[in-house]
Amino acid sequence: MDESVYLDIKGMHCPNCPAKIERSVSKLAGVTHIKVNYEDGNGNVTFNKSLTEITDIIRRINKMGFEAEKAHVY
């Protein structure tokens, strides 16, 4: 089953950062969509929960030198 999660992403220093994050995360098994917004410092990822977990996605982004966390959506 697919799940969509919003992320807060800190540490993006140029407009090319979102493309780097999107390329890297899209290689994870089960990730079907990712879009990162440089200006807003956030992103949205859709993934198959049986193939990967949100913690894996966040860990991948953080290993790239950014600070990602699940956004608190109200």
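Thr-52 counts as buried, because its relative accessibility is 6%. Buried means under 20% relative accessible area, exposed means over 50%, and partly exposed lies in between (1.4 Å probe, protein chains only). Thr-52 sits in the loop between strand 3 and helix 2. Helices (H or I, at least four residues) and strands (E, at least two) are DSSP runs, numbered from the N terminus.

This is a predicted model: local features need pLDDT of at least 70, side-chain atom pairs count only at pLDDT 80 or more, and totals for chains, interfaces and linings use all residues. Residues are numbered from 1 along each chain as its sequence is written, and side-chain values use heavy atoms, with hydrogens and water left out.

**Around Thr-52**

What does Thr-52 touch, not counting residues up to four places away in sequence? Its partners are Ala-29, Val-31, Phe-47 and Ile-57. Contact means heavy atoms within 4.5 Å. The side chain of Thr-52 also meets the side chain of Asp-56 in a polar contact of 3.3 Å. A polar contact is a pair of N or O atoms within 3.5 Å; within protein, one must be able to donate a hydrogen and the other to accept it, and residues adjacent in sequence count only if both atoms are side-chain atoms. His-72 is 20 residues from Thr-52 along the chain, and their C-alpha atoms are separated by 21 Å.

**The whole chain**

Now step back. The protein chain has two helices and four strands. Along the sequence they follow the pattern β-α-β-β-α-β. The radius of gyration is 11 Å, which agrees with the value near 11 Å for a compact globule of 74 residues. That radius is taken over C-alpha atoms, and the globule rule is 2.2 Å times the number of residues to the power 0.38. Along the principal axes, the C-alpha atoms fill a box of roughly 35 × 30 × 15 Å.

How much of the chain is buried? Buried residues make up 42% of the 74 residues. Take the contacts between residues at least 6 apart in sequence: 62% of them join residues at least 24 apart. The chain exposes about 4,800 Å², and carbon and sulfur atoms supply 49% of that area. Accessible areas come from the Shrake-Rupley method with a 1.4 Å probe; for residues, only the protein chains shown count as cover.

Charge comes next. The chain has 10 positive and 10 negative side chains. The centres of the two sets lie 7 Å apart. Lys and Arg count as positive and Asp and Glu as negative, while His and the chain ends are not counted. Each charge is placed at NZ of Lys, CZ of Arg, CG of Asp or CD of Glu.

**Helix 1**

Helix 1 covers residues 17-26. Its buried residues are Cys-17, Pro-18, Ile-21, Glu-22, Ser-24 and Val-25. They pack against strand 1 (2-10), strand 2, strand 3 and helix 2 (54-63). An α-helix has 3.6 residues a turn, so residues three or four places apart point the same way.

Met-64 lies in the loop between helix 2 and strand 4 (67-70). Its C-alpha atom is 15 Å from that of Gly-43, 21 residues away along the chain.

Lys-35 is in strand 2 (residues 31-37). Leaving aside neighbours within four places in sequence, Lys-35 is in contact with Glu-22, Asn-42, Gly-43 and Asn-44. Lys-35 and Ala-19 are 16 residues apart in sequence and 8.6 Å apart in space, C-alpha to C-alpha.

Asn-37 lies in strand 2 too. Beyond four places in sequence, Asn-37 is in contact with Met-12 and Asn-42. A polar atom of the Asn-37 side chain lies 2.8 Å from the backbone nitrogen of Asp-40.

Thr-46 lies in strand 3 (residues 42-48). Which side chain makes a polar contact with the side chain of Thr-46? It is that of Ser-4, at 2.8 Å. Not counting residues up to four places away, Thr-46 touches Asp-2, Glu-3, Ser-4, Gly-30, Val-31, Thr-32 and His-33.

Here is how four of these residues are classed.

| Residue | Relative accessibility | Class |
|---|---|---|
| Thr-46 | 14% | buried |
| Asn-37 | 26% | partly exposed |
| Met-64 | 33% | partly exposed |
| Lys-35 | 51% | exposed |
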